[in-house]
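Please open the model in a viewer and keep the selection tool at hand.

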Amino acid sequence: MLYVCATPIGNLDDVSPRVLEKLREAELIAAEDTRRTRKLLSRFDIHTPLTSFFRHNELQKTGEILRRLRAGSTVALVTDAGMPGVQDPGMLLVEKVVAEGLEMSVVPGPSAVLTALVAAGLRGEGFRFVGYLPRRARELEAALARWRRDGGLIVAFDTGPRLARSLACLATHVPESRAAVCRELTKAHEEVVRGSLLELSGRYSVPGPEAAPIGTVRGEITLVIDLGPPLEDEAARRPDAESAAGALLDRGLSRRDAAAALHVCLGLPRREAERICLLYTSPSP
């Protein structure tokens with residue numbers, strides 16, 4: 001039997017009695033970081049043997065755990081925080097267990113996604129969890145353009161060192177969107193900061209356009225962003241795009257920057273946005 005166990009996202013007292021029961025019953029615990037899991041086990045006087053199970057050994061360890069499960073062993077799978085397989089190792093093992101018809105049970109627990117979603121205080125008809133924000137600005141712009149077509153609430157993970165750059169990129173394109181930065185949820189220094197993306201970008205800004213990210217923002221970060229109503233279809237957006245292109249180019253933006261703004265803010269395909277900007281700046285015959 002495989003038990004997939006959700007562990008606390010910060011405060012160890014949030015662990016459920018059922019998770020503790022399964023960790024005690026298991027013959028082996030597969031843990032993303034055995035040092036962090038030992039703190040949890042020590043807190044609750046659990047002495048089940050541990051084995052590491054992280055990104056770089058996941059393929060090898062999946063095979064070893066499958067052999068144990070086939071032989072009738074009971075294994076518990078945990079990550080550093082939250083549910084295994086959600087932006088953490090574990091989904092490969094779950095897929096293999098399901099494919100082979102082996103026994104598995106998911107033991108739920110704390111969730112950074114749901115905790116942040118409620119703490120943000122943003123009303124919406126559902127939400128989308130998009131994992132970690134892309135590292136590169138161009139990739140984040142492309143993702144934002146996709147998300148804006150459907151609108152609504154977005155929940156995403158980010159890291160402290162990357163937060164300032166992520167917010168600056170988002171604020172460039174949707175500055176008035178309401179958002180919340182949720183940091184160190186359930187821990188002693190929990191922080192939830194709400195405001196527009198422009199306001200949040202200013203709060204967490206990195207000094208100087210070329211400055212490297214600084215380490216003043218620490219801990220686990222969950223972002224909740226309200227992207228508003230869905231965008232209309234592309235045909236309906238084209239007249240607005242032509243007008244916006246003119247305004248952006250008249251303000252001195254380059255064709256490339258203006259096209260990027262149209263791509264993100266209006267959800268136009270990048271090639272179409274570039275074509276509109278090129279037509280606007282082409283000399284009349």
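Select T222 and display its contacts, a contact being a pair of heavy atoms within 4.5 Å. Leaving aside residues up to four places away in sequence, T222 touches A112, A116, V155, A156, F157, A180, V181, C182 and L185. The residue belongs to strand β10; helices (H or I, at least four residues) and strands (E, at least two) are DSSP runs, numbered from the N terminus. T222 counts as buried because its relative accessibility is 4%; buried means under 20% relative accessible area, exposed over 50% and partly exposed in between, with a 1.4 Å probe and protein chains only.

The model is predicted, with local features requiring pLDDT of at least 70 and side-chain atom pairs counted only at pLDDT 80 or more, whereas totals for chains, interfaces and linings use all residues. Residues are numbered from 1 along each chain as its sequence is written, and side-chain values use heavy atoms, with hydrogens and water left out.

Next, select residues 112-120, which form helix α5. Which residues of this helix are buried? They are A112, V113, A116, L117 and A120. Viewed down the axis of α5, these buried residues fall within an arc of 130°, so they line one face of the helix; the arc is that of the directions from the helix axis to the C-beta atoms. An α-helix has 3.6 residues a turn, so residues three or four places apart point the same way. To see what this face packs against, show strands β6 (127-132), β7 (153-159), β8 (178-183), β9 (191-196) and β10 (220-226).

Just after the helix, G121 adopts a positive phi of about 70°.

Move to R183, in strand β8. With a relative accessibility of 16%, R183 counts as buried. A polar atom of its side chain lies 3.1 Å from the backbone oxygen of R218. Beyond residues up to four places away in sequence, R183 touches H189, E190, E191, V217, R218, E220 and I221.

Continue into the loop between β8 and β9, where E184 is found. E184 has a positive phi near 55° although it is not a glycine, and it counts as buried at 16% relative accessibility. T186 lies in this loop as well; its phi is also positive, about 70°, in a residue other than glycine.

Finally, zoom out to the whole protein chain, which contains 11 helices and 10 strands. Its C-alpha trace spans about 80 × 40 × 35 Å along the principal axes. Of its 285 residues, 47% are buried. Among contacts between residues at least 6 apart in sequence, 70% join residues at least 24 apart.

How values were computed: A polar contact is a pair of N or O atoms within 3.5 Å; within protein, one must be able to donate a hydrogen and the other to accept it, and residues adjacent in sequence count only if both atoms are side-chain atoms.
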